[in-house]
Amino acid sequence: MTTFLVRRLAFACVTLFAVLTLVFVLVRIVPGDPAQLILGDQASREAIDALRQRLGLDLPLSQQYTVFLLGALRGDWGVSMVSGQPVIGEVLRVLPWTIELTLVSLFIGVLLGVPAGVYAAIHRNRFADYAVRISSLLGLSFPPFVSAIILLLVFAIALPWFPVISARSGSVMAWYQSITLPAISLGLISAAYVTRVTRSAMLEVLSEDYVRTARAKGVPWNVVIWRHALRNALIPIITVVGLYLSILIGNSVLTEIVFSRPGLGKLLIGALNQRDYPMLQGMMVIYTLIVVLVNLLTDLAYGFADPRVKLK
Amino acid sequence: MSTGLHAAAPSPFVYFASATLKAFNTNKTSWIGLAVFLIVVLAAILAPVLAPFDPNDQNILEKLRAPTLEHWLGTDSFGRDTLSRLMYGARISLIIGVVSTLAAMVIGTAIGMLAGWHGGRLDTVTMQAMDVLLAFPSLILGLILVAMLGPSMVNIIIAIALTSIPPFARIARAPTIAVKEREFVDAGRALGYSDTRILIVHILPNILPEILVMGSLWLANAIRTEASLAFVGLGVKPPTATWGGMIREGFENILDSYWLALVPGVAILIVIFALNLLGDGLRDAIDPKLKGEA
Amino acid sequence: MSAAAPTQWPVLAVRNLTTAFRVDGEWTTIVKGISFEIGQRETVAIVGESGSGKSVTALSIMGLLPAANSRATGEILLEGRDLLKLPENQMRHVRGNLISMIFQEPMTSLNPVLTLGFQIAEALIYHRGLKRAQAEAETLRILERVRIPSAASRLHEYPHRLSGGMRQRVMIAMALACRPKLLIADEPTTALDVTIQAEILELIKLLQDEEGMSVAFITHDMGVVAEIADRTVVLLNGNAVEQAPTAELFASPREPYTRALLAAVPRLGSMKGRLAPQRFAIVDPVTGAAEVVPDTASTAVVTERPVLEVAHLVTRFDIRSGVLSRVSARVHAVEDISFSLHAGETLALVGESGCGKSTTGRSILRLVEPDSGTVLFEGEDVRALDRAGLRAARRRMQMIFQDPFASLNPRKTVGGAIAEPMIVHGLLGRADAHDRVRELLRRVGLSPDMASRFPHEFSGGQRQRLCIARALALTPKLLVADEAVSALDVSIKAQVINLMMDLQADMGLAYLFISHDIAVVERVSHRVAVMYLGEIVEIGPRAAVLENPQHPYTKRLMAAVPVPEAGRRRLRRGLSTTEIPSPVHQANYVPAPRLYREISPGHVVQAFDA
């Protein structure tokens, strides 16, 4: 188990380094002078030079890299061009919103998706199965902003059940009001995904020899499904859901825009549109950290679910 | 000795054509998906002929009209005809989607096959690199790439293609490894065939179905990414009509002219759904277990 | 051990069982109205080749057929009660309780995420209503009865820690937990090594005596049938063509198919006194007419220089583990192997799984790179060849693999596959290659018109012939047959072996015949080498090694082989539980030097501690 963990941690560090380097390279290969792009065409030479010096762009590349890396590891991610505040502070302020949205959406997705997938697998090739398959296919065909817009139109504009702008203000009710529509809009898409994965994993498992053995033993069918089959199906399901999380995080950006919800997404879009490089760098770092953490957790879950993994 | 094989054998071409037909027929919905997709493609190609108006023709007097006989899908805030913009937007989405997916398919497959074939260090290093790229939310990576490079059609294609390469590499690698272990590959080596020959003549045809199915499913994804980019403001620059851009503009007016955001949204949904139906149906054909007839 | 004749109350009476499946909308009948009975304490063997319907019969009895696409009619009476008429919830109480079944693949038949103890206890919990603690205690008792070492610690272990033989014991424990009246065993030992198989068969016999239960044993191995069955039912294409007490069936088979089947089975010991390998006397399954096989002279050309000379061949595989992927251990697959092979001669490499016989074959062809040693092929050092030289050398040494289904590219026509080697090596143009393909197809007994078909349209035996044709395309001198006939049905096996021997007589081919089936080896080989843990422990002329084995492992191997002659049942041996050790050693392990003694001309044995 320890080797397993050490291996995963090592991979996490490698990923982090790779992405940080990628960030560094990306920001600097942009055509044109970053400082000039920030200040615009009309800026004077002195202003541009001053900004370059402030950004540390006049130092040799290798030095820029070390400064950048050390800073990132120390927690000093620079200062936002737009707000003048430390990047890390801005990021941490909105991070909980995004995490909350992601987790609730995932929860909805699994809660709806796993039973639906199992149900479809048991009734394969019958009407229930086709219905589940088509609807889950439709569900995951929705671009996240389309499902968000539709929900907004129906439940916030046409029927004023929910506010158009989702930012809570204290009470449980307010929290519920602000998270429901965004979470459902993401959650339904996640549920579609989880349903498909569960269905195919269950079908795979149900055709395995050990399910036949369980039936030959006289075990009741529902026990075969839930204890013998699903436990094995969880292994690939966990793997795929873990991979899906990074897609979910990407999708949350779009949802946050539609529902005007604070979070990493809004911060990112602002930084992109205004060329706020320090902020962009910081955002990439935080996204990487999130994904790396998610991968680690998935691996741990995987290790618990599959006794064969424990040995490593 | 020759039981049951008395009929004349069909030529290989006929055999493959009938196998493809059978694949489509396995899950009838793939025909629907194909049909809808082809309609959209046709509409896009014939847009210059079919579109009632010039998509960039502004007419302030007609702005923000609900659907009428003259403008079947209404007009936007500049008075431009939504239907025409929709048809032209289809061209952008399709071109970007198809080109980026094809590029990613070719490059990703080559990488995956080579990694799977050689194994060892090359494989580990390549796949770790792919994993690193895969781990990062691809939409965000795409956003940042386009923001850095500047939103033009070429750059968008590059950005989407780059984020699409790792999945294709993964998809090509697993069956390559599986097929590599099969004895006809060993037989080929024992017969003195070169590695290249084995890869191209023996392994590739055997993994092609999976790659093509993945291609059609990924095309849906590429179109969705393009729309997302445009929605966020990083699509092909206005005034060119893009579906995502139309939704973006429509979103600004969402309280009174909801159809401006809804119509292109539904259009994207339909195209993606059609492609998913197609790809999914084909996938059922090549993997019998998923159909439930193990 | 006496054969029990069916009493008034047979435990199981199958009457006119017909089972059909629906595939792609069409109904096909697999089992066509078979009837048989199994009496108290009786063991009935159900034999047949693939497609005969034996497994489907077993699944029909257990009610395990897929409900949507299958249909079973007739009567299956378990002590008078018709199982086919039972609703599912009552049938569930029969399964695992009154009738139990064990399957062929022990590696995949146990649930990987549940502990062994739980999987066995489950049957007790559902059928006997025992509480968890009681069930565990009973499970411990059962595990000890199936002779699993350190049973107490196994209760909480997971299946992946056990070997195939051990897993099969666990399966048996699971099946016997509720003391069923009937045990159905569907090829339970086919996937196991022959020494392990012997132990499992002994175990089943012993438990049958202790429990007083009946056994339905499904197999294609006539040797196993002779060892354990009181009566035998022979299936062909879903029909029961013959049933009789086993002794009678073997001594005087009535039906032509039974005669054909028995004629195709190699019997260990039947080659005593014959010097050269011999073809099978094929009996026509329809007419019953038997071939007459004259005694043939040996095809080996021992006067010239051997075609293949292997000296001190070593092949090891690294195992990497730990965070830094350092080499922690090595698999010593081939350790210091030496032998020679003449033109027209067949040398067999026999051994059980993990002994290195396959790796030896692949090392010689350099499909796997050996670590040290010399391989001289027609005097040329194969290991020293560069890429171009190796390609040229590969024209003359070819390999046939075990799995006829995986050996051909599914996307190429068979004609294309056979022609490809000639075209790739630039030997013939397309038109000439086309003609040669037709000629080769005829040579291996297939019609030349089949060249444009795809592999999936052929049967297993036909595909193996196609592989032989492809190997012959380059007119090789040496053919390595790596378990080439192991996956084929009994009668097909005999035909393909006859083909190989004919080709050897015609073309002077040298065969390196790799197999675990000693009975087959006895028929086809001039010389035999026995391998164990990567080393040759005994090598020599076939008669010398098989009739006068010296090394203890050879003796154990010979003793474990089931002989297809009724009345040759072995006495009950003391039950042992051996595991086949693995040739994995630490990274710094240096093997001790081995000594060899020559017992008689050409018969060499590795020195062992007595």
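# A walk through chains A, B and C

In other words, chain A has twelve helices and zero strands. Please keep in mind as we go that this is a predicted model. Of the 312 residues of chain A, 42% count as buried. Among the contacts in chain A with a separation of 6 or more, 72% are between residues 24 or more positions apart.

Where chains A and B meet, 38 residues of chain A are in contact with 36 residues of chain B. On the chain A side, at least two residues each come from helix H1 (2–29), helix H6 (127–141), helix H7 (144–158), helix H8 (172–206), helix H10 (221–258), helix H11 (264–273) and helix H12 (277–305) of chain A. H10(A) gives the largest share of this side, seven residues. By residue type, the side of chain A that touches chain B divides into 25 nonpolar, eleven polar and two charged residues.

Chain B has a mean pLDDT of 82, and 92% of its residues reach 70 or more. Among the elements of chain B, helix H4 (residues 82–118) of chain B has the highest mean pLDDT (91), while helix H12 (residues 288–291) of chain B has the lowest (42). Over residues 1–9 of chain B the pLDDT is below 50, and this stretch has nine contacts in the model beyond near neighbours in sequence. Residues 289–294 of chain B also stay under 50 in pLDDT, and the model gives them 15 contacts beyond four places in sequence. Where pLDDT is low, the predicted coordinates should not be read in detail.

Chain B also meets chain C, in a contact that takes 20 residues from chain B and 27 residues from chain C. Helix H12 (387–394), strand S16 (397–400) and helix H13 (414–424) of chain C each supply at least two residues of the chain C side. The residues on that side divide into twelve nonpolar, eight polar and seven charged.

Six strands of chain C form an open sheet in the order S6-S7-S8-S3-S9-S10, with mixed pairing. Strand S6 (99–102) and strand S10 (239–245) of chain C stand at the edges with a single partner strand each, so one side of each is left without a neighbour in the sheet. From one strand to the next, the twist averages 15°.

We can follow the pairing strand by strand. S6(C) and S7(C) run parallel and are joined by four bridges, with Ser100(C) opposite Leu183(C) in S7(C). S7(C) also runs parallel to S8(C), and five bridges join these two; here Asp186(C) stands opposite Ile218(C) in S8(C).

Is S7(C) mostly covered or mostly open? S7(C) is mostly covered, as five of its five residues are buried. In a regular strand the side chains alternate between the two faces of the sheet. In S7(C), Leu182(C), Ile184(C) and Asp186(C) lie on one side and Leu183(C) and Ala185(C) on the other, and both faces are covered.

Val334(C) is found in strand S12 (residues 326–341) of chain C. Why does Val334(C) count as buried? Because 31 other C-beta atoms lie within 10 Å of Val334(C), and the cut-off for a buried residue is 20 or more. Leaving aside residues up to four places away in sequence, Val334(C) touches Leu313(C), Val314(C), Thr315(C), Gly356(C), Thr359(C), Thr360(C), Ser363(C) and Gly534(C). Val334(C) and Ile536(C) are 202 residues apart in sequence, yet 9.2 Å apart in space, C-alpha to C-alpha.

Definitions and conventions: Residues are numbered from 1 along each chain as its sequence is written. Chains are lettered from A and ligands numbered from 1 in the order in which they are written. This is a predicted model: local features need pLDDT of at least 70, side-chain atom pairs count only at pLDDT 80 or more; totals for chains, interfaces and linings use all residues. Two strands pair if DSSP finds at least two bridges between them. Axes are lines fitted to C-alpha atoms, for helices over the stretch in contact, and angles run from 0 to 180 degrees between N-to-C directions. Two residues are in contact if their C-beta atoms, placed from the backbone, lie within 7 Å. Ala, Val, Leu, Ile, Met, Phe, Trp, Tyr, Cys and Pro count as nonpolar, Asp, Glu, Lys and Arg as charged, and the others, Gly among them, as polar. pLDDT is the predictor's confidence in each residue, from 0 to 100. A residue is buried if 20 or more other C-beta atoms lie within 10 Å of its own, exposed if 12 or fewer, and partly exposed in between; C-beta atoms are placed from the backbone.
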